Amino acid sequence: MSIIYDKERRLFKLDTSGSTYVIGVYEENYILGLYYGAKIPDMHFDDFCDRTPNASFSLANPVITENGFTPDTAPMEYGCSGEADFRISALSIKNKNGDSVTDIRYADHRIFSGKKPLPGMPSTYANSDSEATTLEIDAVDSVSGALVTLVYTVFENQPVMTKSVRVKNTSDEPMILQRVFSSCNDFVTMDFDMITLNGRYAKERSIDRHPLSHGVQGIESKRGVSSHVHNPFVALAKHTATEDTGEVYGFNFVYSGNFSAIAECDFNDTTRFIMGIHPEGFEWTLNADDTFYAPEVVCVYTSEGIGEMSRIYHRFYNNNLIRGKYKTEKRPLLINSWEAAYFDINTEKLLAFAEVAKELGIEMLVMDDGWFGHRDNDRSSLGDWFVNTRKLPGGLKPLVDGVKAQGLKFGIWYEPETISPDSELYRAHPDWIVHVDNRTPMIGRHQYVIDMTRQDVRDNIWDQMNEVLSSNDIDYVKWDFNRNIADAGSAVLPKERKGEFFHRFVLGTYELLERLVSNYPDILLEGCSGGGGRFDPGMLYYSPQIWSSDNTDAIDRLDIQFGTSMCYPASCMGAHVSASKRTGYETKGRVAMWGTFGYELDPRKLTEEEKEIVKQRVSDYHRYYWLHRNGDLYRLISPFEDRYKAAWEIVSQDKSEMLFTLVYMKQQTASMLFLKFKGLDPEKYYFCEQNGKTYSGAFLMNAGLNLTDAANSDGGSMTLYFKEK
Ligand code: DGJ
């Protein structure tokens with residue numbers, strides 16, 4: 001059993017394959033978070049409880065004043081507001097008396113094999129009960145009657161632990177949840193750098209690293225989605241941690257809406273880190289007997305550097321988050337119509353794309369925006385999910401039949417959460433938009449957000465989608481969302497529940513996504529939000545791949561892909577070759593091959609020479625497909641650290657194969673490059689296909705290859721493939 005309870009000492013010890021997490025129940029049933037880090041075999045954590053001397057001006061529970069315990073400095077497992085723990089709190093409940101003092105104490109616990117799903121929400125899963133063990137600790141606030149269950153799952157073969165929280169109202173009156181974070185960790189040091197992924201539209205997930213300092217710091221989204229601006233991921237890395245060495249803690253929120261991830265370093269130079277639903281714009285009325293479920297956080301610990309943290313997330317998400325047929329099946333290589341034609345699509349043009357695409361070896365045609373209502377630009381028709389027969393005469397059938405006749409699969413675009421003012425749906429139901437009374441709702445890309453909190457709205461959108469999907473042979477759906485949410489309100493939510501809007505919106509979206517994947521298990525779903533504006537583990541649970549960015553320039557993509565790879569696997573990273581001008585098709589293909597790989601251009605405009613390059617890249621895609629899907633990523637040269645170039649490798653799990661890619665953002669003069677490879681077996685010998693030479697793994701990793709001048713030009717690139725001899 002990887003979770004044990006020492007009854008005498010009242011200690012819980014949770015072991016993953018590479019970490020130990022210890023929780024203690026202290027006097028007066030305070031629950032303390034005693035340790036999270038490298039594996040420790042024994043249970044001698046008693047001393048940790050009394051580690052809080054010199055607490056100036058700290059307040060004490062009068063029952064236990066003697067031994068210096070104070071919630072002000074104790075490592076509280078789940079810090080609450082108002083009860084002498086003055087750090088950022090994970091939980092705040094307004095009780096029937098009207099105050100928000102919240103104080104939970106241990107009441108009970110359960111340990112069991114396996115992992116339970118979260119109702120109505122995405123979460124990671126165990127493939128069998130033997131793969132994971134779960135601990136649920138019940139803690140009670142005796143004044144409010146809140147029964148708070150802290151849920152922990154550890155995985156046997158991976159250094160991964162998940163955390164979530166649920167709150168049940170055991171009183172007979174409603175209570176108001178003001179903040180319910182999903183995880184809280186108190187660390188005994190502030191010797192950490194915070195690593196986050198920040199950006200904006202077309203520049204998603206740039207890596208930011210800075211030392212923690214005293215006070216409160218962190219990232220958040222209040223945009224209704226996880227957002228382009230901050231990804232719901234934080235790593236706390238020791239100052240000395242590098243890509244290949246040192247201690248790193250990763251936290252990734254399995255949620256697609258507003259979030260907050262905050263570290264506070266206090267007067268004792270310790271750190272509290274919390275992650276969860278953003279408390280601003282959140283207030284949940286919990287009636288007697290009702291339960292609120294807070295989403296899950298995926299926690300990773302490693303002492304082997306930032307790169308290893310990433311590989312742990314990649315394997316875990318591929319095995320324990322991504323679902324459905326395409327978790328294991330090969331995904332079709334697609335061509336998407338967006339950058340090729342934008343809104344100017346029609347049956348004839350799309351069939352012409354399909355014909356050339358087929359010749360190039362592409363396997364699926366995706367018809368992006370512009371096929372429905374009377375949509376010729378972004379000013380109309382969202383919500384009218386019926387075929388525009390002016391562009392597609394006779395409906396979808398002739399197009400789909402034509403595409404299928406070429407031997408290609410067919411995909412289609414939707415934006416189910418939005419509505420255009422110029423649409424039949426809006427004219428029929430103007431109150432279906434997200435809005436609040438007496439204010440003019442903000443508009444973005446000429447569209448409103450549709451009220452996904454409402455069952456009738458979701459049913460309408462579903463019926464429309466279902467009509468198209470059930471009467472055509474559709475293999476793929478791209479689910480887009482091209483704006484953020486302001487004026488967060490619903491015509492039907494009562495006044496006392498207005499604060500529930502944002503979370504209910506996310507739950508509504510999840511419900512519709514679940515309907516889609518459960519009714520159409522063979523459809524490959526790709527998430528999208530104006531590029532990568534909702535690239536999070538919550539969406540990954542439904543869509544095994546997510547469009548990374550609308551920026552398809554291969555050089556800009558280096559930053560985006562390096563940042564995305566911090567915790568998201570290559571298998572989900574939407575990456576297409578477009579007609580962008582900065583590099584040639586060789587480099588564009590090499591960069592896109594890191595991700596899901598596809599094309600997004602008018603294939604008729606390719607020259608014969610370009611077509612030959614595309615064919616070569618397509619054949620490389622097929623050849624290296626399983627290496628990319630199942631292999632381990634090693635980031636060798638980061639574009640965030642080197643002004644000129646970037647390099648990475650994919651190594652097969654058995655270390656018998658390796659594909660190396662080097663890309664120059666711009667030419668670098670007078671610089672020697674001896675490239676040392678990573679992740680190989682030092683004992684094995686590897687044959688390099690490109691130069692015909694054989695090297696030991698030890699040589700490649702320690703001496704490296706002289707790649708000075710190789711591919712050194714503006715936008716130049718190279719790949720080397722090594723196979724065990
Ligand atoms: C934004 C997406 O990121 C693009 O790929 C494309 O689908 C457009 N929306 C269509 O409006």
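**The ligand site and selected loop residues**

Analyst: A backbone N or O atom of Gly531 lies 2.8 Å from an oxygen atom of the ligand. Taken alone, the ligand exposes 300 Å², and the protein buries 99% of that; accessible areas come from the Shrake-Rupley method with a 1.4 Å probe, and for residues only the protein chains shown count as cover. The model is predicted: local features need pLDDT of at least 70 and side-chain atom pairs count only at pLDDT 80 or more, while totals for chains, interfaces and linings use all residues. Residues are numbered from 1 along each chain as its sequence is written, and side-chain values use heavy atoms, with hydrogens and water left out.

An N or O atom in the side chain of Asp368 is 2.6 Å from an oxygen atom of the ligand, and for an N or O atom in the side chain of Lys478 the distance to a ligand oxygen atom is 2.7 Å. A polar contact is a pair of N or O atoms within 3.5 Å; within protein, one must be able to donate a hydrogen and the other to accept it, and residues adjacent in sequence count only if both atoms are side-chain atoms.

In total, 13 residues surround the ligand, the closest being Asp368, Asp369, Lys478, Asp480 and Asp550 (a residue is near a molecule if one of its heavy atoms lies within 4 Å of it). By class, the shell holds six charged, four nonpolar and three polar residues; Asp, Glu, Lys and Arg count as charged, Ala, Val, Leu, Ile, Met, Phe, Trp, Tyr, Cys and Pro as nonpolar, and the others, Gly among them, as polar.

Turning to the loops, Ser529 lies between strand E26 (524-527) and helix H8 (537-540). Ser529 counts as buried because its relative accessibility is 2% (buried means under 20% relative accessible area, exposed over 50%, partly exposed in between, with a 1.4 Å probe and protein chains only). A polar atom of the Ser529 side chain lies 2.6 Å from the backbone oxygen of Phe481.

Ile433 belongs to the loop between helix H5 (424-428) and strand E24 (448-449), and is buried, with a relative accessible area of 4%. Its C-alpha atom is separated by 8.2 Å from that of Thr418, 15 residues apart along the chain.

Ala491, in the loop between strand E25 (476-479) and helix H7 (501-519), counts as partly exposed because its relative accessibility is 41%. Helices (H or I, at least four residues) and strands (E, at least two) are DSSP runs, numbered from the N terminus.
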